[in-house]
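Open the model in your viewer and keep the selection tool at hand.

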2 protein chains.
Amino acid sequence: MSTETQYEAYRQILRKHADVEHAIAVLSWDKEVNAPPRSSGLRAQQLATLSGMAHELITGAELGELLEQLSAQPEALEAKAQRNITLSLKEYRRNLKLPQDFVIRRSKANSAAYDAWLKAREANDYGVYREPLQAVVEIKREEAELLGYEDHPYDSLMEAFEPGARVKALDVLFADVKAQLVDFARALRERPQVDDSFLFQHYDKDKQWNWGLELLRNMGYDFEAGRQDLSPHPFTTSFGGTDVRVTTRIDENNLANMAWSCIHEGGHALYEQGLLLSEYGLPSGRYVSLGIHESQSRLWENNVGRSLAYWKAHYPALQQRFPQQLTSIGLEKFYKGINRVAPSPIRTEADELHYHFHILIRYEIEKLLIEGQINCEGLDEVWNQKYKDYLGLDIKEDREGILQDIHWSLGSIGYFPTYSLGSFYAAQFYQQASKDLPGLEQQIEQGDSSALLKWLREHIHQYGQQYSADELCERICGERLNFQYFMDYARKKYGDIYGL
Amino acid sequence: MSTETQYEAYRQILRKHADVEHAIAVLSWDKEVNAPPRSSGLRAQQLATLSGMAHELITGAELGELLEQLSAQPEALEAKAQRNITLSLKEYRRNLKLPQDFVIRRSKANSAAYDAWLKAREANDYGVYREPLQAVVEIKREEAELLGYEDHPYDSLMEAFEPGARVKALDVLFADVKAQLVDFARALRERPQVDDSFLFQHYDKDKQWNWGLELLRNMGYDFEAGRQDLSPHPFTTSFGGTDVRVTTRIDENNLANMAWSCIHEGGHALYEQGLLLSEYGLPSGRYVSLGIHESQSRLWENNVGRSLAYWKAHYPALQQRFPQQLTSIGLEKFYKGINRVAPSPIRTEADELHYHFHILIRYEIEKLLIEGQINCEGLDEVWNQKYKDYLGLDIKEDREGILQDIHWSLGSIGYFPTYSLGSFYAAQFYQQASKDLPGLEQQIEQGDSSALLKWLREHIHQYGQQYSADELCERICGERLNFQYFMDYARKKYGDIYGL
């Protein structure tokens, strides 16, 4: 077989794998959006069957041989193809390190923990969750050892979500968060609070829905290659770049609930719609990492969607949609209200500053768990103490404490840091975009974000995994991730709003 | 391996196959109901990948060996398991008769014909379709030879849709249709026509939609295990018995368009919801044949849903939903109107009597094509002549003539007869149900069809393919399919309506 033929064979396996993964995505989307109550058992079985088939494709000997042969003669491939082979081989070898019996045990531990988590939330009692969660933690410790690591076992777990992320670097990053953001947020809390009560009037469901569609359209989301639906928890899913769907939820008594979730998911979707179809199934056609994915959603949600410039363009139309509720609320009052900063026990309801304390707490706890320094016995007390220390909050019940997140019950340990990375990348990228596009703020004030989207497409979306997160950031900004951009953004914006 | 272990292994392969087939069904449903315009290319590729995987499962050597071994020791299995093995082996051997290169050629011929059919409809020109259709016909002739047959090549094609159906018996059946139904319909056409103009007023879309849901609910359709959506062409699809979905369409200027399509698809869905979950993936958990499936939809649509008893129960509520349109229309006028008999060139718009002329015409043409007595050159003229002969209609354009049906473009030759079989089985089954359930008509007059559904569940649904269509009919009615029940039903009902 010629190198070309081998590469084509490799490409076909990855294409087939992507087809099955996207079928899984369709069934999962349907489960959240449409499926009737009694369907859950069979649907789970069908999803498990497809997952098994996808796993067979991606761990099969045929793929392994192709990858070994292709990687042995890198000079025969152009750079993009070389990079694809390198990444696929890395993932292939990683998969091989986990024996099948381990994968089955892990899947069972996660299922049990997820069931227990649901029950524990229902009962508002961490005790129900403790033992199954301990089993997950032990499996993840074992996984880290199986996968191997240089410095820290947590590094090997993060690799699945944020390739290249290391405890060494994150410790420095979160030390900065503690050193700068904790004090800054405390200073803001001591200032007179802004008023956001106008957000909590009655806002008609259908009118909100239509407004959400308009926000997506204005961002450049392509409804010819996607759609929006309702689901209890908003999410974005891709069935390939020609069908990238978003969901949202609507609370008739809270305007903020839907709006920034639409913009956030829209940001994720623009990334998926911007990946190159010609690279379908290949690393060069996939998102870089969860952190980079989140940078796209956060950039639109916060740096754009909570900026004064953005609302200069969009607020008049919003007032027209809801004249009774908003005619008496001026633009500046609206802008301040949607940027209210206040600590709360729930991560998903946090403002864009306090959000990172929630991540910091999870990062510290996860590290301690994986290092084996603590176990799940008494973990609720550890949790509550950290919320007291960092946010000054007394956690009154498990549901608003340690039971709030689904992640651990799915075995997703090492995932949370990507949320903060996303925000920090977003601030840095947006700063660079503003430099590269001198008229950007004026364009956004005019309701035109097309130049920004073009910039994101050109600098980020089109490359897929051709560059790692670090490389991408360095190419775009001339330096690696730098927390200072986020702090500069935060100090300027919230200093203005809170008169600090 | 013990027989038990072998049977379990066989069952696991069929379960897995069913999981993939149901995933295909989800993707296909989504394509019709939800998918955005640009998704079609990738979605087709994903469906092809899943179809290939399903095909590998069902034609694999592992399944073949298990089936040969299990069928060699029938005494070790209980009757139901024996029957499953017999049917699966038959299908397995049938699949093996078609070499892979033939399957690929067939798939390409169908794709080309489908594309040509779309273009031909657009252009209203059979000429565009003729050659690709001829290729399909030649492939089907080849398929018949590959599969083999005793009497007639068309028999082997029908086997895919209606196992056991034979030209020998269908010729007798359709001779009866010609001898009795043609004359009877002509006699009706000579009577003064009933008025159905009240159906073509403006009926609000949302009100129709809610009414359709109510009709489904009343039939016993389980919305906990299904849902209704809109799609251009109504259909029923099953993702397993806990998720059986129906679609409908709404024409605001035609009340009939939605109503009987809801009831028709509801009848299909009740069958799928009534198959036993414990037999998931096995022949004993699958519908008998397309004819029997259609008997369920037609029984509800026509024998129940166009009966006077049914509307005694449901018409007052319908009048309340649409007082402006229907207050002045009495029950009897409504009943007559919804049973108006008039020939039309379009099969899907035909009344329940003329419908069978459309099928008769297609049956005659398909047989001639497969026998090689005619080809596609001039087939439009053959078509039009038959419409003149049987229905007295002049077909004015290809779109309302030979281009109206999608079936041939998909390679579905041998499919049409199942529609007539369905109606004839429906009449016979309904007659038997009325005998077995003495108070049935009164119950239906009260809006209660639960005893009928129970009867269908007990006598038909629960068995899956444990009995062939012939066996099932004989068990239920004491005789095989007998066209006379349909004619008796038709003469009585339409004799009354048209005063004949």
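Is A:D470 buried or partly exposed? At 27% relative accessibility, A:D470 counts as partly exposed. The scale runs as follows: buried is under 20% relative accessible area, exposed is over 50%, and partly exposed is in between (1.4 Å probe, protein chains only).

Before going on, note the ground rules. This is a predicted model, in which local features need pLDDT of at least 70 and side-chain atom pairs count only at pLDDT 80 or more, while totals for chains, interfaces and linings use all residues. Residues are numbered from 1 along each chain as its sequence is written, chains are lettered from A and ligands numbered from 1 in the order in which they are written, and side-chain values use heavy atoms, with hydrogens and water left out.

**Stop 1: A:D470 and A:R480**

Select both side chains. They form a salt bridge, with the closest N and O atoms 3.1 Å apart. The term means a side-chain nitrogen of Lys or Arg within 4 Å of a carboxyl oxygen of Asp or Glu. A:D470 sits in helix α20 (residues 469-477) of chain A and A:R480 in the loop between α20 and α21 (484-498), so the pair ties together parts 10 residues apart in sequence. Helices here are DSSP runs of H or I with at least four residues, strands are E runs of at least two, and both are numbered from the N terminus. A:R480 is partly exposed at 49%.

**Stop 2: A:D195 and A:K333**

Move to this pair next. Their side chains meet in a salt bridge at 2.8 Å, N to O. A:D195 is in the loop between α8 (167-189) and α9 (205-219) of chain A, and A:K333 is in helix α14 (residues 331-337), so the bridge ties together parts 138 residues apart in sequence. A:D195 is partly exposed at 32%. A:K333 is partly exposed at 36%.

**Stop 3: B:D183 and B:R186**

Switch to chain B. B:D183 and B:R186 form a salt bridge, with the closest N and O atoms 3.2 Å apart. They lie 3 residues apart in helix α8 (residues 167-189) of chain B, separated by about one helical turn. Both are partly exposed: B:D183 at 45%, B:R186 at 38%.

Now select A:D30, A:R43, B:D243 and B:R245 together: a network of salt bridges links them. Over all chains, the count is 74 salt bridges.

**Stop 4: the sheet in chain B**

Show the cartoon. An open sheet of 3 strands has the order β1-β3-β2, with mixed pairing. Its edge strands are β1 (228-230) and β2 (236-238), each pairing on one side only. Two strands pair if DSSP finds at least two bridges between them. β1 and β3 (residues 244-248) of chain B run parallel, joined by 3 bridges. Pick B:D229: its bridge partner in β3 is B:T247. Helix α1 (residues 3-33) of chain B packs on the sheet and touches β1, β2 and β3. Contact means heavy atoms within 4.5 Å.

**Stop 5: helix α5 of chain A**

Which residues does A:N110 contact, leaving aside neighbours within four places in sequence? They are A:V136, A:S409, A:L410 and A:G411. A:N110 lies in helix α5 and is buried at 17%. A:Y114 is also placed in helix α5 (residues 100-123), but counts as partly exposed at 30%.

Conventions: Axes fitted to C-alpha atoms, helices over the stretch in contact; angles between N-to-C directions.
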